[in-house]
Amino acid sequence: MSGSTAAPTTPAIDTDFDAAFLTSRFPPYQVILHNDDIHSMDEVVLALCRSIPAMTLFRAITLMYEAHSTGRAIVIVCGKEEAELYAERLGTYGLTVTLEPVV
C-alpha cells in the first residue's frame, strides 16, 4: 500500500455553451398585455403584481399605462413554457394577453 494520501480528482465541468444553439432550440417569447375597456387600471396593476414573480408596483403601473396609451405592452420575455404560464395567470383575471416569439 502506498503512503500518499492524494485526494480523488474532481471531474472538470464544462461551462462553455452555445448561446445561438440554445436560442434556436428554445426561442424566447414575449407576453403581451393588450388594452381593454373592461378592466380598471387598478385591476390591471393588481393582476400583474399577483401573476408575475418579482413584478414591482412601479413596473406594473408603467406596463399598465403603456398598454393603456399605446394599446399593448410587453410584460416579460422568457421561455415558451414560462410565458404560457404567465399568460394563463393573467388570463384568469380576464385580461387580454397574447404570446409572440421574439424575432
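Phe-17 sits out in the open: it is exposed, at a relative accessible area of 64% (exposed means over 50%, buried under 20%, partly exposed in between, using a 1.4 Å probe and protein chains only). Keep in mind that this is a predicted model, where local features need pLDDT of at least 70, side-chain atom pairs count only at pLDDT 80 or more, and totals for chains, interfaces and linings use all residues. Residues are numbered from 1 along each chain as its sequence is written, and side-chain values use heavy atoms, with hydrogens and water left out.

**The nonpolar surface patch**

- Phe-17 comes in the segment before helix H1 (19–25); helices (H or I, at least four residues) and strands (E, at least two) are DSSP runs, numbered from the N terminus.
- Together with Phe-21, Leu-22 and Phe-26, Phe-17 makes a nonpolar patch on the surface, and the four share about 470 Å² of accessible area.
- Patch members have over 30% relative accessible area and no salt bridge; like charges are joined within 9 Å, and nonpolar side chains (Val, Leu, Ile, Met, Phe, Trp, Tyr) within 5 Å.
- The areas come from the Shrake-Rupley method with a 1.4 Å probe, and for residues only the protein chains shown count as cover.

- In helix H2 (residues 41–51), the buried residues are Val-44, Val-45, Ala-47, Leu-48 and Ser-51.
- Looking down the axis of H2, these buried residues fall within an arc of 160°, so they line one face of the helix; the arc is taken from the directions from the helix axis to the C-beta atoms.
- An α-helix has 3.6 residues a turn, so residues three or four places apart point the same way.
- Asp-42 and Arg-50, on the other side of H2, are exposed.
- Cover for the buried residues of H2 includes strand S1 (29–34), helix H3 (57–70), strand S2 (72–78) and helix H4 (80–91).
- Setting aside residues up to four places away in sequence, Ser-51 touches Tyr-86, Arg-89, Leu-90 and Tyr-93, where contact means heavy atoms within 4.5 Å.

**The core**

- The largest nonpolar core has 22 residues, and Val-31, Leu-33, Leu-48, Val-75 and Leu-90 have the most contacts inside it.
- S1, H2, H3, S2 and H4 each put at least two residues into this core.
- A nonpolar core here is a set of buried Ala, Val, Leu, Ile, Met, Phe, Trp, Tyr and Cys residues joined through side-chain atoms within 4.5 Å.
- Beyond four places in sequence, Leu-90 touches Val-31, Ala-47, Leu-48, Ser-51, Ile-52, Leu-95 and Val-97.

**Strands and the salt bridge**

- Gln-30, in strand S1, is buried at 13% relative accessible area.
- The structure holds one salt bridge, meaning a side-chain nitrogen of Lys or Arg within 4 Å of a carboxyl oxygen of Asp or Glu.
- That pairing joins the side chains of Glu-100 and Arg-72, at 3.5 Å from N to O.
- Glu-100 is in strand S3 (residues 97–101) and Arg-72 in strand S2, so the pair ties together parts that are 28 residues apart in sequence.
- Glu-100 is partly exposed at 28% relative accessibility, and Arg-72 is partly exposed at 33%.

**Glu-66 on helix H3**

- Glu-66 belongs to helix H3 and is partly exposed, at 34% relative accessibility.
- Leaving out neighbours within four places in sequence, Glu-66 contacts Gly-71, Arg-72 and Ala-73.
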